[in-house]
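Colleague: I am new to this structure and would like to learn how to read its features. Could you walk me through them, one at a time?

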Amino acid sequence: IGILGVALLILRIYPLLVHLLRWATGRAPGIIWRLALQRLSRSTVDYVPLMLLLAVTLSLGVYSATTARTLAVNLEDTIRYEIRADMSTVEEWVDPEGFDTTIREPPFYERTEIPGVLSAARVFRGRADLRRPERWSRRLNAQMMAIEPYEFAKTAWYRNDFGVGDFVDYLRIMSEHREGIIVAAPIFRQAELELGEPLIVTYSGQEIPVYVVGYIDFWPGIDPYDRPFFIMNIEHFQDYTVLEPYQVWYDLEPGTAIDEVIDGLTSLGVYVTKYRDAESEILAMKREPYRMGFFGMLGLGFISAAIVTTLGFFLHTFFSLRRRTVQFGALRSMGLMPIQLVALLAVELVFTVGAGIALGFGLGIGAASVFLPFLQYRTADLQAAPPFILVMSRGDIYLSLIVMGALFVAAIGVLSVLLSRLKIHQAIKLGEEA
């Protein structure tokens, strides 16, 4: 209803714009331009139904495509946010079937030498208490993640809307400040912390001195609505605690078999007890019947809009050509060349069909900008992580423009053939038009 109302309003103004353009270019050289604008200014009502059809169907098609793209990207981002990389593993350094229970940390760099592994990152997760250095200060039990910033930047999945700055800048600050931590934004605000303020992390009874270097709203793999969190440097963490197995996140080459990576880890003395694969989970999500049906419905809406627009475009062009046969014959008898008739029709189509297409794309993008944020607000109420984002793919819009441009060129080609076969002596006869 909104799209239809705005389209009707703009089409009310369109005849006035045509008259204004005709008046402004009344002394412009060339007969084609003046004939086209004269025809449009006198018969604008004839083109309004076609322009309305183009505007409404194309705008609904663009809106459906944008909605599908937005939901698809956010569903994939949710999975990547949970898994954090192409693959995440929980590892043990002791053979579950062996008798030697001594924990030995395998050289970490050997993991990146496994075929298909581009990079790997050490990640230790646990619960820890966070407090100010005062003896009786209040302790805050929070989620802790210890990382190596350089490895994390090369491996982890992230978006730059997780905090107030670029995500890579957070990792750069952590690499420059080995004892620095990044805290959840609610902690920073509620506790009235300051950058550089010293804090104490208590893990398994061991106190670790740190200081605040930043704050952030979301972090890959952490649900900020579960409980507060903070991020620290894993090397600084290991300086104060006993050695414990950590998670490892992997960035893999496209098409890498997960089983081959796990076999390679086993040969290094690393035993994977649990893993998650982002690509396989995304593929399973895409094959979910409910999702396939919903996105199929959106895709069907876009295809239906394109078919209706195409049929309306060709039918209007065909009947318009038949109705104006006598006029074209008269113009030819007065000396206009066939190429000039084609140019005349091209100008008319640009000002009518082209305007309808431009209006349709504009209304579709506008409708997506107005109505899709309601999904964003709803997911914010549901406390979704990562935050819901609007996605307007230029590729979808460009593809639609290419399709419509191809139809426009095809129509010009068909009209050119028909006009080249027009016989003046048959078109102009007494009583022919009646």
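Colleague: Let me start with aspartate 169: how large is its relative accessible area?

Modeller: Buried means under 20% relative accessible area, exposed means over 50%, and partly exposed lies in between (1.4 Å probe, protein chains only). Aspartate 169 has a relative accessible area of 34%, so it is partly exposed. Arginine 172, with 39%, is partly exposed as well. This is a predicted model, in which local features need pLDDT of at least 70 and side-chain atom pairs count only at pLDDT 80 or more, while totals for chains, interfaces and linings use all residues. Residues are numbered from 1 along each chain as its sequence is written, and side-chain values use heavy atoms, with hydrogens and water left out.

Colleague: What do the side chains of aspartate 169 and arginine 172 form?

Modeller: A salt bridge is a side-chain nitrogen of Lys or Arg within 4 Å of a carboxyl oxygen of Asp or Glu. Here the side chains of aspartate 169 and arginine 172 meet in one, at 3.9 Å from N to O. The two are three residues apart in helix α5, so about one helical turn separates them. Helices (H or I, at least four residues) and strands (E, at least two) are DSSP runs, numbered from the N terminus.

Colleague: How many salt bridges does a search of the whole structure find?

Modeller: The search finds 14. One of them joins aspartate 77 and arginine 159, at 2.8 Å from N to O. That pair links distant parts of the chain: aspartate 77 sits in helix α3 (residues 44–83), and arginine 159 in the loop between α4 (149–155) and α5 (167–176), 82 residues apart.

Colleague: Are aspartate 77 and arginine 159 buried or exposed?

Modeller: Aspartate 77 counts as buried because its relative accessibility is 10%. Arginine 159 is at 11%, so it counts as buried too. There is also a network of salt bridges that links Asp77, Arg159 and Asp161.

Colleague: Which residue forms a salt bridge with glutamate 91?

Modeller: That is arginine 111, with the closest N and O atoms 2.9 Å apart. This pair also links distant parts of the chain, with glutamate 91 in strand β1 (residues 87–92) and arginine 111 in the loop between β1 and β2 (117–131), 20 residues apart. Glutamate 91 is buried, at 2% relative accessibility, and arginine 111 is buried at 1%.

Colleague: Now the surface. Which residues make the nonpolar patch?

Modeller: Patches are made of residues with over 30% relative accessible area and no salt bridge; like charges are joined within 9 Å, and nonpolar side chains (Val, Leu, Ile, Met, Phe, Trp, Tyr) within 5 Å. Accessible areas come from the Shrake-Rupley method with a 1.4 Å probe, and for residues only the protein chains shown count as cover. In this model Ile303, Ile307, Leu311, Leu315, Phe318 and Phe319 make a nonpolar surface patch of about 600 Å². Isoleucine 307 belongs to helix α10 (residues 289–323) and is partly exposed, at 47% relative accessibility.

Colleague: What is the volume of the largest pocket?

Modeller: The largest pocket holds about 410 Å³ of space. It is lined by 17 residues, and Arg138, Leu140, Ile187, Gln190 and Ala191 are the closest to its centre. The elements that give two or more residues to this lining are β2 and α6 (185–190), with the largest share, three residues, coming from α6.

How values were computed. 1 Å grid on protein atoms, 1.4 Å probe; cavity = no way out; pocket = protein on both sides within 12 Å on 5 of 7 lines; lining within 4 Å. Points joined across faces, edges and corners; volume = space filled by probe spheres on them.
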